[in-house]
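Here are my notes on this one, in the order I'd go through them at the screen.

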Amino acid sequence: MALSGIQIYKMLPQTNCKECGFPTCLAFAMKLAAKQADLDKCPYVSDEAREKLAEAAAPPVRLVIISADGREVKSGNEIVLFRHEKTFFNPAGLFIRVYDDQPLDKIKARVEEAASYVVEYVGMALTIDGFAVQATGDGDTFAAAVKGVLDTAKFPLILIATDTAVMAQGLEAAEGTRPLIYGATAGNWEAFADLAKKHDAPMVIRADSLSVLAELTEKIKAAGIEEIVLDPGVRDLKSSLALNTLIRRMALKKNFKPLGFPIISFPGECANDEGMVSIAATQAITKYGGFVVLDRFSPATLYPLLALRANIYTDPQQPIQVQPGVYEINDPQADSALMVTTNFSITYFSVANEIDGSGIPGWLLVADAEGMSVLTAWAAGKFDAERIAKSVKTTGIGEKISHHKLVIPGHVSVLLGELEEELPGWEILVGPREAVDIPAYLKVWQP
Ligand code: SF4
């Protein structure tokens, strides 16, 4: 059972020395109970208390890590059911499945295509995370496919086989990496656990009921395997949503350790229709899928999934920001337009992409608005005349341009008068309200 803040407090030194970064031992205890603090921050906890608290302080969803050639996919360590409560920590890993009954050159071509796919999204380069290799026959064929995949792209792997002898050969072929192994059930988990232990690989356990799943994870843990991934067996949308949510609720709200593990999802097994697969994958990413295995590499499906994942796993309390300063777009000259916006990433990229797409050179002055969008920053007093004027002065943009005209976003036209006062000698122009209208505005803009 989870310990309450008061129960934890009773085990702390109660000296309120503040060394943990919290004003009192009670405040620290409350954070520990909420899984939002690290016990190691208090140097004065007794060994006895530490032992008792370690279990309570452990993340309710076990961290599972797989890796290859320096790339890691981590899943687990989550502490909230909903992103807005705090944040999600480890993005769902996206894997593309290949089958070993395909010709090796086809497998390699598919892997190469998927591995080289990169989506540029608000300054981030988004990619898939790895490949799932599925055995369909003997161990030699499986091993050849695993080797072929790794020779083409050294991405983390999920190895899928029902026969432990076949899996053993796959693991040998994947030596030097840390794959996730899939295929254990109530009937064969011991042999899979032996393999997992021998190769230091996390393992998936599949069962068709949560009570059996919980029993099996306890047995697997007792056999010495800590990193376990759950497959609750169902594939349809409704049952997947219900069971994934139940598993995560049991782990987070009841601190039920036997289900405190990441979940694997197979959206491609939900439907053949690509649209339904997208919906199933979307559900898996948003509702607790830690490893998501897709059956096809399709940029049309992947692009929105990668963007969605980036949004879901962005800390809502930490806006993504770009560096304040002057950005040169399309090789601007002294007579090119100068526009100002805030340093919220999505705002910056919306504006910068429109200028870039227009083909017209321009200077983009990005003011430090603490990562807020234009209207939010203005309302919070973070994008006012004083801050914009300060950006103009500190960046020295006035010396790079032959005109002294500054275009402000249409949404903050109210700043015009104040800015003219803050920037004597400058002409302040009110630009479009929406970024999408910038190209048309630039076409008629005159220095
Ligand atoms: Fe209390 Fe330990 Fe924090 Fe000091 S460091 S305030 S003793 S919890």
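1. Let's start with K382, which counts as partly exposed because its relative accessibility is 22% (buried is under 20% relative accessible area, exposed over 50%, partly exposed in between, with a 1.4 Å probe and protein chains only). Its partner is E370: the two side chains meet in a salt bridge, 3.5 Å from N to O. The cut-off here is a side-chain nitrogen of Lys or Arg within 4 Å of a carboxyl oxygen of Asp or Glu. E370 sits in the loop between β15 (362–367) and α13 (374–379), and K382 in the loop between α13 and α14 (385–395), so the pair ties together parts twelve residues apart in sequence. E370 is partly exposed too, at 36% relative accessible area.

2. A word on ground rules. This is a predicted model, so local features need pLDDT of at least 70 and side-chain atom pairs count only at pLDDT 80 or more, while totals for chains, interfaces and linings use all residues. Residues are numbered from 1 along each chain as its sequence is written, and side-chain values use heavy atoms, with hydrogens and water left out. Helices (H or I, at least four residues) and strands (E, at least two) are DSSP runs, numbered from the N terminus.

3. How many salt bridges does the rule give? The count comes to 17. One of them joins E274 and R296, with the closest N and O atoms 3.0 Å apart. That pair links distant parts of the chain: E274 is in helix α10, R296 in the loop between β12 (289–294) and α11 (299–312), and they are 22 residues apart. Both ends are partly exposed, E274 at 22% relative accessibility and R296 at 48%.

4. For a local example, take K52 and E48, whose closest N and O atoms are 3.5 Å apart in a salt bridge. Both lie in helix α3 (residues 47–57), four residues apart, about one turn of the helix. E48 is exposed, at 56% relative accessible area.

5. Now the rings. Phe, Tyr and Trp rings (the six-membered one for Trp) pair if their centres lie within 6.5 Å; planes under 30 degrees apart are stacked, over 60 edge-to-face, the rest tilted. That gives eight aromatic pairs. F131 and F155 form a tilted one, 5.8 Å centre to centre with 50° between the planes. F131 is in strand β6 (residues 130–134) and F155 in the loop between α5 (139–152) and β7 (157–160), 24 residues apart. Buried or exposed, F131 and F155? Both are buried.

6. Y182 and F266 make an edge-to-face pair, at 5.2 Å centre to centre and 75° between the planes. Y182 lies in strand β8 (residues 180–184) and F266 in the loop between β11 (263–265) and α10 (274–286), so this pair ties together parts 84 residues apart in sequence. Y182 and F266 are buried as well. Elsewhere, Y327, Y348 and F349 form one aromatic cluster.

7. Last, the ligand. Its surroundings are P13, T15, N16, C17, K18, E19, C20, C25, F28, C42 and P43, taking a residue as near if one of its heavy atoms lies within 4 Å. By class, that shell has seven nonpolar, two polar and two charged residues (Ala, Val, Leu, Ile, Met, Phe, Trp, Tyr, Cys and Pro count as nonpolar, Asp, Glu, Lys and Arg as charged, the others, Gly among them, as polar).
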